[in-house]
Amino acid sequence: MARQLRIEYPGALYHVFSRGNLRQPVFLSDDDRYLFLKCLRKAHEKFGVITHVYCLMPNHFHLALETPLGNLSRMMHFLITSYTIYFNRKHERHGHLFQGRFRSVLVEAVSYAQELSRYIHLNPVRSGIVDRPELFAWSSYGYYRGTARPESWLETSVVLRLFGDTPGTAKNAYMEFVTAGIGVETPPSIKDAARKGILGSEEFIERIKSERLGDALRRPDREKPQLRKLCKQPNLWQVLSVSEKVLGPRNKYLIPIAILVSHDNSALKLKEIGEFFSLSISSVSNACLKARAAIANNSALAQALKEIKQGVASEK
């Protein structure tokens with residue numbers, strides 16, 4: 001199973017979600033939901049995490065969380081483990097309750113907190129459970145409307161502050177904003193964020209890549225597909241062109257070395273490289289082995305490889 005990209009630092013805001021194993025329900029009663037929220041409160045007390053928005057759907061949940069201490073993974077492990085133990089004991093079951101690892105998207109707070117909160121609060125409407133978000137009892141929407149008693153672990157002011165200077169004005173404007181999203185297609189930025197692991201402007205994404213993902217992007221982990229989406233993949237035509245300039249068009253190692261550079265300098269899969277070079281996955285793998293063996297015994301080829309990589313990097 002692919003591993004999730006985790007970008008953790010103090011003060012980060014996330015969209016966190018997790019689905020039941022095999023899409024099975026994770027909440028069978030109101031008692032279950034109350035207990036999950038109790039676990040969320042304990043996570044706030046234990047790890048200092050602030051919940052801004054939540055929605056407890058029948059077979060999954062959505063959270064907008066802020067981590068002042070940069071400890072998302074520890075907090076989520078506590079939350080999911082605590083709730084799973086309770087659920088399994090109560091319902092006399094065993095094993096995993098949730099499907100794999102929880103998923104998280106790093107969010108650019110000011111620019112995208114509004115849209116994310118609306119997306120989470122409209123989940124029950126999009127799923128056909130209710131016609132309007134205020135009819136769903138198990139989300140934070142009631143707190144935003146002012147119809148539910150405030151909780152110490154839930155922070156609504158950060159989002160509401162973006163809608164007005166006074167509580168009344170902000171709440172009314174927020175309700176209009178959420179209602180306007182009913183029946184409207186989910187913004188592409190929200191859909192795309194799950195693939196990249198980041199929701200924000202291009203400037204925000206580039207800053208995170210530079211400040212938080214430098215080494216990871218230089219040698220991307222193929223088991224983390226979100227890293228592959230964030231990488232600036234080398235153009236394979238450029239790799240082949242640079243390789244041909246350095247080695248010459250008739251060099252017998254031209255294609256193997258071009259394949260090796262394509263593999264080592266990107267997170268492209270063997271299948272993707274093979275499709276470009278019209279080769280099978282096994283042929284691509286064999287070409288890499290052939291190139292490595294030749295380079296190990298030929299200093300001129302080793303120097304050529306270095307020049308090719310430098311040339312490809314300069315053309316990105």
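I started with I50 and found it standing opposite E66 in strand 3. Strands here are DSSP runs of E with at least two residues, helices are runs of H or I with at least four, and both are numbered from the N terminus. I noted that the model is predicted, so local features need pLDDT of at least 70 and side-chain atom pairs count only at pLDDT 80 or more, while totals for chains, interfaces and linings use all residues. Residues are numbered from 1 along each chain as its sequence is written, and side-chain values use heavy atoms, with hydrogens and water left out.

Next I checked how strand 2 and strand 3 pair: they run antiparallel, over 6 bridges. For two strands to count as paired, DSSP has to find at least two bridges between them. A hairpin of 3 residues links strand 2 to strand 3.

Is strand 2 mostly buried or exposed? I got 6 buried residues of 7 in strand 2 (residues 50-56), so the rest of the structure largely encloses it. Buried means under 20% relative accessible area, exposed over 50%, and partly exposed in between, with a 1.4 Å probe and protein chains only.

I moved on to N71, in the loop between strand 3 (60-67) and helix 2 (72-91). N71 counts as buried because its relative accessibility is 7%. I listed its contacts (heavy atoms within 4.5 Å).

**The cores**

Which residues touch the most other members of the largest nonpolar core? I wrote down L63, M75, M76, Y83 and Y174, out of 69 residues in that core. Helix 2 gives this core its largest share, 8 residues. A nonpolar core here is a set of buried Ala, Val, Leu, Ile, Met, Phe, Trp, Tyr and Cys residues joined through side-chain atoms within 4.5 Å.

I picked out M75 and skipped its neighbours within four places in sequence: M75 is in contact with L40, A43, F47, V49 and L65. There is also a second, separate core of 26 residues, which includes I273, V284, C288 and A291.

**Helix 13**

I looked at helix 13 (residues 254-264) and found 10 of its 11 residues buried, so it is largely enclosed by the rest of the structure. Among those buried residues are L254, P256, I257 and D264. What do the buried residues of helix 13 pack against? I found helix 12 (236-247), helix 14 (270-277), helix 15 (281-296) and helix 16 (299-314).

**G200**

I found G200 in the loop between strand 5 (198-199) and helix 9 (202-212). G200 is buried, at a relative accessible area of 14%. Not counting residues up to four places away in sequence, G200 touches E108, Y112 and I205. I also looked up G200 and A12: they are 188 residues apart in sequence and 12 Å apart in space, C-alpha to C-alpha.

**The whole chain**

Last, I took the overview. The protein chain has 16 helices and 5 strands, and its C-alpha trace spans about 75 × 50 × 35 Å along its principal axes. Of its 316 residues, 48% are buried. I also noted that, among contacts between residues at least 6 apart in sequence, 72% join residues at least 24 apart.
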